[in-house]
Amino acid sequence: MQFYQEIKTEWKKFLSDKNLAVLFAVSIVVLAFILYWITKFLIFVEARDGFTFRDPILRLFEPIDVTWVSFGLIYGGLIVALFYLTFHPERFMLALQAYSFMLLIRIVSMYLLPLNPPENIIPLRDPFVEIFGGKTFLKDLFFSGHTSTMFVFFLTAQRKGLKIVFLIATFLIAACVLIQHVHYSVDVLIAPFIAYASYRISLNMYDYIKNLK
């Protein structure tokens, strides 16, 4: 009961600011639209022919299937992040907005840089998506969405211990998608920088709205 009361108090305080309440509602609607639209866009990307290049890092080793490790980290990180952010509405909104900006940048990046999957790729098949008949995409490459998402969690977390956990998870996920040849090395290397840029845009927008009278 105390657990529920703490969450209720934090959200009531947050939503009492009309500017932030409107921004939060808009953020949810925008993210929902982007998530709907990106599924259509990925079908287009998958059908389009791209180009393949020989990645000097991937050439150093043969791919290994670490799918379950990857999704253990991804879904484990998501659960921890949602639990933490539930207690911190402002950080929750920042995470939503940063993720939205990151998706928009990713859409533009994939459109401008059509790539075929790396040689010897072992597809990263999401077990939950496949249960509901979803499709595994191979060409949603530049940049790594899993790596950048975990780095968004690192940026939005405020507790030192939790930030360390998300930072380690970011490196491990990056390593997993490379080990499995799911992404080119450049896809992974650029991901944290895009995540940081998305977070800074969200933070600046939040500060501007919060200071409006």
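This is a predicted model: local features need pLDDT of at least 70, side-chain atom pairs count only at pLDDT 80 or more; totals for chains, interfaces and linings use all residues.

Me: Is phenylalanine 41 buried or exposed?

Reply: Phenylalanine 41 has a relative accessibility of 8%, so it counts as buried, the cut-off being under 20%. Phenylalanine 44, at 39%, counts as partly exposed.

Me: How many aromatic pairs does a search of the whole structure find?

Reply: The search finds 14 aromatic pairs. In the pair of phenylalanine 41 and phenylalanine 44, the ring centres are 5.9 Å apart and the planes stand at 45°, so the pair is tilted.

Me: Which parts of the chain are linked by the pair of phenylalanine 153 and phenylalanine 166?

Reply: Phenylalanine 153 lies in helix α6 (residues 145-156) and phenylalanine 166 in helix α7, 13 residues apart, and the pair links distant parts of the chain. This pair is tilted, with 5.7 Å from centre to centre and 45° between the planes. Phenylalanine 153 is buried, with a relative accessible area of 10%, and phenylalanine 166 is buried as well, at 2%.

Me: Which residues do ring pairs link into a cluster?

Reply: Trp11, Phe14, Phe24 and Phe92 are linked in this way.

Me: What lies over the face of phenylalanine 154?

Reply: Lysine 163 does, at 4.3 Å from the ring centre.

Me: How are two packed helices described?

Reply: The description uses the angle between their axes and the distance between the axes. Here, helix α2 (residues 18-47) and helix α8 (residues 185-210) have axes that come within 9 Å and cross at roughly 145°. From α2, the residues Asn19, Leu20 and Leu23 meet Met205, Tyr206, Ile209 and Lys210 of α8. Sorted by class, this contact has 5 nonpolar, 1 polar and 1 charged residues.

Me: Where is histidine 181 found?

Reply: Histidine 181 is in the loop between α7 (160-179) and α8. With a relative accessible area of 3%, histidine 181 is buried.

Me: Which backbone oxygen does the side chain of histidine 181 reach at 3.2 Å?

Reply: That oxygen belongs to phenylalanine 61. A polar atom of the histidine 181 side chain also lies 3.4 Å from the backbone oxygen of leucine 58. Leaving aside residues up to four places away in sequence, histidine 181 touches several residues, among them Glu62, Pro63, Pro118 and Ile121.

Note on methods
Residues are numbered from 1 along each chain as its sequence is written. Side-chain values use heavy atoms; hydrogens and water are left out. Axes are lines fitted to C-alpha atoms, for helices over the stretch in contact, and angles run from 0 to 180 degrees between N-to-C directions. Helices (H or I, at least four residues) and strands (E, at least two) are DSSP runs, numbered from the N terminus. Contact means heavy atoms within 4.5 Å. Ala, Val, Leu, Ile, Met, Phe, Trp, Tyr, Cys and Pro count as nonpolar, Asp, Glu, Lys and Arg as charged, and the others, Gly among them, as polar. Buried means under 20% relative accessible area, exposed over 50%, partly exposed in between (1.4 Å probe, protein chains only). A polar contact is a pair of N or O atoms within 3.5 Å; within protein, one must be able to donate a hydrogen and the other to accept it, and residues adjacent in sequence count only if both atoms are side-chain atoms. Rings of Phe, Tyr and Trp (its six-membered ring) pair if their centres lie within 6.5 Å; planes under 30 degrees apart count as stacked, over 60 as edge-to-face and the rest as tilted. A charge sits over a ring if NZ of Lys or CZ of Arg is within 6 Å of the ring centre and within 35 degrees of the ring normal.
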